[in-house]
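Please read this note with the sequence and the model open side by side. The points are numbered for reference.

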Amino acid sequence: MSSSVTSLLELTLTAEAVADRAATDAVVSQTLQATRAFDGCLGCDVLEDVEDPAHLVVLERWASLAHDDAYRAWRRTPEGASRLGEVLAGPPRLTRFTTADGV
């Protein structure tokens, strides 16, 4: 049986994206609509840094590492491409976790 995976995707928005937050939120929402619909996605939330409006973390929950891997591979295809890069100041940072047993 495979373990579920929690993925944290850290995003840094451009100054322009912070200034036009309605347009930025539309891009992020459209991107996450496809994420949430992808096979194996158990949920997805956006966390906003209370000190830095340019810093967002997308908290994704996946049924397994294989599901997350398939999603990441899909995002690298023309069909899976999103507009997220339009609002980012740099590349996102991805960290993936499983639950530690016995802790």
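1. Basis. This is a predicted model, in which local features need pLDDT of at least 70 and side-chain atom pairs count only at pLDDT 80 or more, while totals for chains, interfaces and linings use all residues. Residues are numbered from 1 along each chain as its sequence is written, and side-chain values use heavy atoms, with hydrogens and water left out.

2. Sheet. Four strands form an open sheet in the order E2-E3-E1-E4, with antiparallel pairing. Strand E2 (41-48) and strand E4 (93-97) are at the edges with a single partner strand each, so one side of each has no neighbour in the sheet. Helices (H or I, at least four residues) and strands (E, at least two) are DSSP runs, numbered from the N terminus; two strands pair if DSSP finds at least two bridges between them.

3. The E2 and E3 pair. Strand E3 (residues 55-62) pairs with E2 in the antiparallel sense over 7 bridges. Asp45 has Leu59 in E3 as its bridge partner.

4. Helices on the sheet. Helix H2 (residues 21-37) packs on the sheet, where H2 touches E2 and E3, and its direction makes about 160° with that of E2. Helix H3 (residues 65-75) lies across strand E1 (5-12), E3 and E4, and runs at about 130° to E3. Contact means heavy atoms within 4.5 Å. Axes are lines fitted to C-alpha atoms, for helices over the stretch in contact, and angles run from 0 to 180 degrees between N-to-C directions.

5. Aromatic pairs. The whole structure holds 5 aromatic pairs. One of them is Phe38 with Trp74, a tilted pair at 5.3 Å centre to centre with 40° between the planes. Phe38 is in the loop between H2 and E2 and Trp74 is in helix H3, 36 residues apart, so this pair links distant parts of the chain. Rings of Phe, Tyr and Trp (its six-membered ring) pair if their centres lie within 6.5 Å; planes under 30 degrees apart count as stacked, over 60 as edge-to-face and the rest as tilted.

6. Aromatic cluster. Tyr71 and Trp74 are also a tilted pair, with ring centres 6.1 Å apart and planes at 40°. These two residues are 3 residues apart in helix H3, about one helical turn. Phe38, Trp62, Tyr71 and Trp74 form one aromatic cluster. Phe38 is buried at 19% relative accessible area and Tyr71 is buried at 4%, whereas Trp74 is partly exposed at 25%. Buried means under 20% relative accessible area, exposed over 50%, partly exposed in between (1.4 Å probe, protein chains only).

7. Thr31 and Leu84. Thr31 is in helix H2 and is buried, with a relative accessible area of 8%. Leaving out residues up to four places away in sequence, Thr31 touches Arg75, Ser82, Arg83 and Leu84. Leu84 sits in the loop between H3 and E4 and is buried at 12% relative accessibility. With the same exclusion of residues up to four places away in sequence, Leu84 touches Leu11, Val27, Val28 and Thr31.
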